[in-house]
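These are my notebook entries on a structure that I looked up. The entries follow the order in which I consulted it.

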Amino acid sequence: MLELDQLVKQFGGFRAVDKCSFSVQQGTITGLIGPNGAGKTTLFNLIAGAFPPTAGRIRFLGEDVTDLPSNQLFHKGLVRTFQIPHEFHRLTVLENLMLVPPAQPGESLLSNWLSWGKVRAAEQAVEARAWETLKFLELTHVANVRAGNLSGGQKKLLELGRTMMTDAKLVLLDEPAAGVNRTLLRKLEEKILILNRERGYTFILIEHDMEMIEKLCDPVVCMAEGKVLISGDFQTVRSDPRVLEAYLGE
Ligand code: ADP
């Protein structure tokens, strides 16, 4: 589904990502681990089209997408979860979901005048999808709560919900476990697994919580100093002496 070929990202004289190559198979949950400064976030930025690589190629679903910006990747189904933007904190959970789908007919003033009925029908479809998403995530009770008032874990579920409002195929999750209490963490893991096993989402996740990595991810890719150190199943990666050494040097 995704192929990274010798990716390099250079900031001045410093290589944050240094000839990274690996591929992601459709239907998997790939865990991206490594000590702080390993280059994981920079690699995510490259995959998501936040900035182009200095060298190397990225292919998504057989197409070269190396130089495509994030909005075009989004339309192809490559979606990165982001923290809820600051200004969205004042909107309700339901509104946060309804704002996601791209190119809603109501966005154009002209189409509003010309085909009001069509706009209304599209809005109703978006609202129905938003409620379905809330039900799936067990968040219906907070539908009308402002997003800024949610707990850390509920915010992560909402971030996941925002990807469900798109036609996402590959979802990049950036530290989903950070700041989430144990109970909601179990729920978040359960939802990610259902989305993967039953709804066909492929995930890559950066995570420091090794319990979550062990439960969800196969394969696991470990990066250090901008390079892929090793990839394989969790046990293989965890027991590799190079991985231990990389973390000790942190
Ligand atoms: P990780 O996510 O694994 O902790 P990062 O990708 O955030 O690692 O960072 C990798 C290295 O690249 C770090 O040394 C960081 O300081 C450096 N880096 C990241 N972004 C920039 C930038 N915009 N300019 C300069 N250096 C950067």
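Entry 1: I looked up L61 and found it partly exposed, with 14 other C-beta atoms within 10 Å. For this I count a residue as buried if 20 or more other C-beta atoms lie within 10 Å of its own, as exposed if 12 or fewer do, and as partly exposed in between, with C-beta atoms placed from the backbone. The model is a predicted one, in which local features need pLDDT of at least 70 and side-chain atom pairs count only at pLDDT 80 or more, whereas totals for chains, interfaces and linings use all residues. Residues are numbered from 1 along each chain as its sequence is written.

L61 is not a glycine, yet it has a positive phi of about 50°. I located L61 in the loop between β4 (55-60) and β5 (63-64). Helices (H or I, at least four residues) and strands (E, at least two) are DSSP runs, numbered from the N terminus. I noted K19 as well, a non-glycine residue with a positive phi of about 55°. K19 lies in strand β2 and is partly exposed, with 15 other C-beta atoms within 10 Å.

**Entry 2: a cis peptide bond.** I recorded that the peptide bond from D218 to P219 is cis, with omega near 5°. P219 belongs to the loop between α8 (210-216) and β9 (220-224). For context, most residues other than glycine have a negative phi, and most peptide bonds are trans.

**Entry 3: strand β3.** Why do I describe β3 (residues 29-33) as largely enclosed by the rest of the structure? Five of its five residues are buried, so the description holds. On one side I found I29, G31 and I33 buried, and on the other T30 and L32. I next consulted the pairing, which requires that DSSP find at least two bridges between two strands. Strand β3 runs parallel to β8 (residues 202-206), with four bridges joining them, and L32 stands opposite I206. Three bridges join β3 to β9, also in parallel, and there G31 has V220 as its bridge partner.

**Entry 4: the ligand shell.** I listed the residues around the ligand, among them F11, F14, N36, K40 and T42; a residue is near a molecule if its C-beta atom, placed from the backbone, lies within 6 Å of it. Which element gives the most to this shell? It is α1, with three residues.
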